[in-house]
Amino acid sequence: MTGAPHNRLVLAIESSCDETAAAVLRGREVLGDVIASQAELHERFGGVVPEIASRRHLELLDVVVREALDQAGITDLTELDAIAVTRGPGLVGALLVGVAGAKARSWASGVPLIAVDHLMGHVASALLDPEAALEPPFLCLLASGGHTLVLDVDAGLRVTLLGSTRDDAAGEAFDKGARLLGLQMPGGPNLAALAATGDPGVVRFTPAMVHHEGFDTSFSGLKTALSVAVRERAVRGEGFSDADLAAGYEVAIVATLTGAVRKLLKARGAGSGHPDARTTLAVVGGVAANTRLRAEMTQISEQFGMRTVATPLRWCGDNAAMIAAAAQFYPEQAPDIARSLDAYATSPLFSHRELVPN
Ligand code: KG4
Ligand code: ZN
């Protein structure tokens, strides 16, 4: 196990869902960074189609890797210290394209492989802001399309799960809400844009789990409430707009997250007296791009005398720079283990409640 992060020159590959991404970092310095989104390809299906995603990763991977290496001025793979790849969680078929690509490059060049958990990547994305200059330990809210996690992150990037969603993820709530309002993909940003033009006071949705003891969240009730509101409006012809619905809905999603985080900072924040009290809250994952969430997290942290570091917007969604940043904490994979490396759909974080860079 590693302690302090390394300062390696790393090529990272990420293909867990519908972004084919490659990046080259020296330590935290981003030298090359390419993200090819497949969003348009999946749009007419209303969601990511796994088989189509895998095939597109196959078409794009070589081009994306070559572009990232070009940006970094690397002409030969042997110049690298390591090749990092996301091994899960995600769509297994999609992940395997990246894993196979990384294994082949590692085997052909003799450069060691590092297998990284995608969730660890999101956690490490908060380290990519040179101005924030964040170092672990910190507390972390990870809100993405597949996960809503409340985490403690120690100095070696070892992650402990403190809370999770009991049903839908926050990003999923945004996406499902967007579909109910007839918005195109990507649902989250489109719903947020519509919400910015509405009045959040017109239709109020009740955030779930706020009075619950732990740090878990729940979003499926909100989605049902939105669908009922949309249906009732159609029946009764009530006079609130889609923008008002979107605004009320966004406020409730954010309030659910702030509810959990407020409890977290009370229990584990700077002034909590907890033996592992932390001074920083990192906000990461696709939903961390949400303007309302970023503002409210900053406000709450201030109330608890803490600092908020939200991932820079470019690296909130899936990308390879965050995988390279996480890889700096990981040991290199032994060659025989690297050769038999497999992908996984569900992170070991959920069975062990802990994730260590190994
Ligand atoms: O981290 P990410 O790119 O993929 C996963 O690992 O899941 O997160 C994608 C999620 C989607 O649900 C998307 O709608 C949401 O992040 N998202 C947003 C915003 N930008 C992306 N949700 C709310 N507001 C945004 N501005
Ligand atoms: Zn992700």
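Let me begin with a definition: a residue counts as buried when its relative accessible area is under 20%. With that cut-off in hand, I turn to the structure, which is a predicted model.

Consider helix H8 first. H8 covers residues 242–268, 27 residues in total. From its first C-alpha to its last, H8 reaches 39 Å, close to the 39 Å expected at 1.5 Å a residue. How many of the residues of H8 are buried? The count is 21 of the 27, so H8 is largely enclosed by the rest of the structure.

I now move to the protein as a whole. The protein holds 12 helices and 11 strands. Its radius of gyration is 20 Å, close to the 21 Å that the globule rule gives for 358 residues, so the protein is as compact as a globular protein of that length. The C-alpha trace spans about 65 × 50 × 35 Å along the principal axes. Of the 358 residues, 53% are buried. Among contacts between residues at least 6 apart in sequence, 73% join residues at least 24 apart.

As for the surface, the protein exposes about 14,700 Å², and carbon and sulfur atoms supply 52% of that area. Regarding charge, there are 30 positive and 41 negative charges, and their mean positions lie 4 Å apart.

Finally, a single residue. Ala 225 sits in helix H7, residues 220–236. Is Ala 225 buried or partly exposed? Its relative accessibility is 32%, so Ala 225 counts as partly exposed. Between Ala 225 and Arg 204 there is a separation of 21 residues in sequence, and the C-alpha to C-alpha distance is 9.9 Å.

Note on methods: Residues are numbered from 1 along each chain as its sequence is written. Chains are lettered from A and ligands numbered from 1 in the order in which they are written. This is a predicted model: local features need pLDDT of at least 70, side-chain atom pairs count only at pLDDT 80 or more; totals for chains, interfaces and linings use all residues. Side-chain values use heavy atoms; hydrogens and water are left out. Helices (H or I, at least four residues) and strands (E, at least two) are DSSP runs, numbered from the N terminus. The radius of gyration is taken over C-alpha atoms; the globule rule is 2.2 Å times the number of residues to the power 0.38. Buried means under 20% relative accessible area, exposed over 50%, partly exposed in between (1.4 Å probe, protein chains only). Contact means heavy atoms within 4.5 Å. Accessible areas come from the Shrake-Rupley method with a 1.4 Å probe; for residues, only the protein chains shown count as cover. Lys and Arg count as positive and Asp and Glu as negative; His and the chain ends are not counted. The place of a charge is taken as NZ of Lys, CZ of Arg, CG of Asp or CD of Glu. The expected span of a helix is 1.5 Å times one less than its number of residues.
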